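Work through the exercises below with the sequence and the 3D view side by side. Try each task before you read its solution.

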Amino acid sequence: MRSFFHLFSFKKGLKNAIFLLLIVQGASFALDWWRQPKIPQQADQILWHDLQQRPFFLAQMSYERPTLVYFWGTWCGYCRLTSPMINELSDSGIPVVTVALRSGDNAAVQHYLAEHQYHFTTVNDPLGQISQHWQVSVTPTIIAVKNGRMLFATTGLTSKWGLKARLFLAEFFA
């Protein structure tokens, strides 16, 4: 009899945990939708320059497969948790372009990247003009782009597996 009540309690706890997880996931999707940035018109024609002044077009970079565009800041606490994951994804061959938002001049951003051993392509946005143009209001913001089109965007904390799953779906449905 005791094991019956224990099993009942376990099932009730599991049901409550699943319900709570669904509520949190729904709230996360709603926040992502509400804070979703907008890719500027003719973004595929914008010439970007990384910290080493190498030019590139995001549309060309995202032609073969989805490219992650990661808006972050050296001052952002959540970015300290997200950036190592983005670096791992970049090191594994996933195309990544990061935008350092209001993080100082090029030398300061390069120093920060070297200090943390980050290897991803970085564009400096010292005045927040790029972020404003993309209507990014929260850091971190991660956008998957394919052929100049936004496939998905997420803001705040996210997991590496969540991003990998989104990238898989983006490649599958793009």
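## An aromatic cluster

Tyr-70, Trp-72, Tyr-112, Tyr-118 and Phe-120 are linked into a cluster by ring pairs. Rings of Phe, Tyr and Trp (its six-membered ring) pair if their centres lie within 6.5 Å. The model is predicted: local features need pLDDT of at least 70, side-chain atom pairs count only at pLDDT 80 or more, and totals for chains, interfaces and linings use all residues. Residues are numbered from 1 along each chain as its sequence is written, and side-chain values use heavy atoms, with hydrogens and water left out.

**Exercise 1.** Describe the ring pair of Tyr-70 and Trp-72, then that of Tyr-118 and Phe-120.

*Solution.* 
- Step 1. Know what to look for. A pair of aromatic rings is described by the distance of the centres and the angle of the planes.
- Step 2. Learn the classes. Planes under 30 degrees apart count as stacked, over 60 as edge-to-face and the rest as tilted.
- Step 3. Take Tyr-70 and Trp-72. Their centres are 6.5 Å apart, with 15° between the planes, and the pair is stacked.
- Step 4. Take Tyr-118 and Phe-120. The centres lie 5.2 Å apart and the planes stand at 25°, so this pair is stacked.
- Step 5. Widen the view. The whole structure holds nine aromatic pairs.

**Exercise 2.** Are Tyr-70 and Trp-72 buried or exposed? Find what Ser-83 touches.

*Solution.* 
- Step 1. Set the cut-offs. Buried means under 20% relative accessible area, exposed over 50%, partly exposed in between (1.4 Å probe, protein chains only).
- Step 2. Apply them. Tyr-70 has a relative accessible area of 0%, so Tyr-70 is buried. Trp-72 is at 0% too and counts as buried. Tyr-118 and Phe-120 are also buried.
- Step 3. Locate Ser-83. Ser-83 sits in helix H3. Helices (H or I, at least four residues) and strands (E, at least two) are DSSP runs, numbered from the N terminus.
- Step 4. Check its cover. Ser-83 is buried because its relative accessibility is 1%.
- Step 5. List its contacts (heavy atoms within 4.5 Å). Leaving out residues up to four places away in sequence, Ser-83 touches Tyr-70, Trp-72, Tyr-118 and Phe-120.

**Exercise 3.** Where is Thr-74, and which residues does Thr-74 touch?

*Solution.* 
- Step 1. Thr-74 lies in the loop between E3 and H3.
- Step 2. Its relative accessible area is 18%, so Thr-74 is buried.
- Step 3. Beyond residues up to four places away in sequence, Thr-74 touches Arg-80, Ser-103 and Tyr-112.
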